[in-house]
Amino acid sequence: MDDGWHRHYLTHPCGGFGILWKMKNKLILAIDGPAAAGKSTVAKLVAKKLNITYIDTGAMYRAFTLFVMQKGIDPQQQLSCESLIPQVKILLAPTGEVFLNGVDVSKAIRDPKVSAQVSYIASYKAIRLALVDLQRHMAGNQSVVMDGRDIGTYVLPEANIKIFQIASVETRAVRRYEENLSKGIACTLESVEEDLRHRDYIDSHRDFAPLKPANDSILIDTSFMTVNEVVDRILEIVHKKVGLIHA
Ligand code: CDP
């Protein structure tokens, strides 16, 4: 049966089979979920396996937040923050770096000070509309894996596959704490857990495009799963959805 997908296999450098997608219909894979649920780690790996583009929308809200902070503006002053929209140029490089007005801010946007403010910025409708526009433009006419909070519900509701990735807040806190330590970012486990709870609350209670699962999303609780298990589970869902037969 021709389901609109054209595909063939490539031998992966690591052995086994990687998959190169060639399609009439593009694949849009949306991965949403609360803070530090491991979405970007998984999304990056899934995109690599499928040889398609990965778009980290959280990095964009973080970059905007960094700009607000650099300008010395209070992130809780909505109108002042929104007035900065014309001055902000965000670029996600295919190699993963995040550029804010031409400067590589990949590391700076992960600072806990940015995490503590980003959910305020992300709750402002005009800023969301500007960034969503950019996200849709970046997705364009290609196959993508996009992760965030509102991808399946608002940004790309036409996504072929919508994953809602969760884990207990304790598990997420330990994961983010360890990630921060490995990157040399100073924090305590308690402060990380508090930040996650705070962001999840604001993200899921905002009026416009809040964090919530799309009706047609598939829930994956990763509390007791390794990264590779989650990646394999998502690839299995993709393969089932597009009728791929394993080699
Ligand atoms: O990596 P982590 O889970 O900590 O968060 P992130 O994906 O980098 O997103 C940072 C923040 O951006 C979130 O807490 C949300 O406030 C906001 N965000 C959003 O509102 N909508 C998105 N599509 C992505 C992120």
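**Entry 1: H2 against H5**

I began with a crossing: H2 and H5 cross in a right-handed way (left-handed is when the near helix is turned anticlockwise from the far one by less than a right angle, right-handed when clockwise). I am working on a predicted model, where local features need pLDDT of at least 70, side-chain atom pairs count only at pLDDT 80 or more, and totals for chains, interfaces and linings use all residues. Residues are numbered from 1 along each chain as its sequence is written, and side-chain values use heavy atoms, without hydrogens and water.

I took helices as DSSP runs of H or I with at least four residues, numbered from the N terminus. Two packed helices are described by the angle between their axes and the distance between the axes. For H2 and H5 (residues 125-139) I noted an angle of about 140° and axes 11 Å apart. Axes are lines fitted to C-alpha atoms over the stretch in contact, and angles run from 0 to 180 degrees between N-to-C directions. H2 and H5 are therefore oblique to each other (under 35 degrees is roughly parallel, over 145 roughly antiparallel, 65 to 115 roughly perpendicular, the rest oblique).

I listed the contact next (heavy atoms within 4.5 Å). H2 gives Thr 57, Met 60, Tyr 61 and Phe 64. Among the H5 partners are Ile 127, Leu 131 and Met 138.

**Entry 2: H5 alone**

I counted 15 residues in H5, with 21 Å from first C-alpha to last, close to the 21 Å expected at 1.5 Å a residue. The expected span is 1.5 Å times one less than the number of residues. Its buried residues are Ile 127, Arg 128, Leu 131, Val 132, Gln 135 and Ala 139 (buried is under 20% relative accessible area, exposed over 50%, partly exposed in between, with a 1.4 Å probe and protein chains only). They cover an arc of only 125°, so they sit on the same side of H5. The arc is that of the directions from the helix axis to the C-beta atoms. On the other side, Asp 133 and His 137 are exposed. Just after H5, Gly 140 has a positive phi of about 50°.

**Entry 3: H2 against H4**

I then checked H2 with H4 (residues 112-121): the angle is about 105° and the axes are 9 Å apart. That makes H2 roughly perpendicular to H4. Tyr 61 and Phe 64 are among the H2 residues that meet H4.

**Entry 4: H7**

In H7, I found Val 169, Arg 172, Ala 173, Arg 176 and Asn 180 buried. They fall within an arc of 100°, so they line one face of H7. Glu 178 and Ser 182, on the other side, are exposed. Cover for the buried residues of H7 includes H2 (57-70) and H8 (189-205).

Note on methods:
Helix = DSSP H or I, 4+ residues; strand = E, 2+ residues; numbered from the N terminus.
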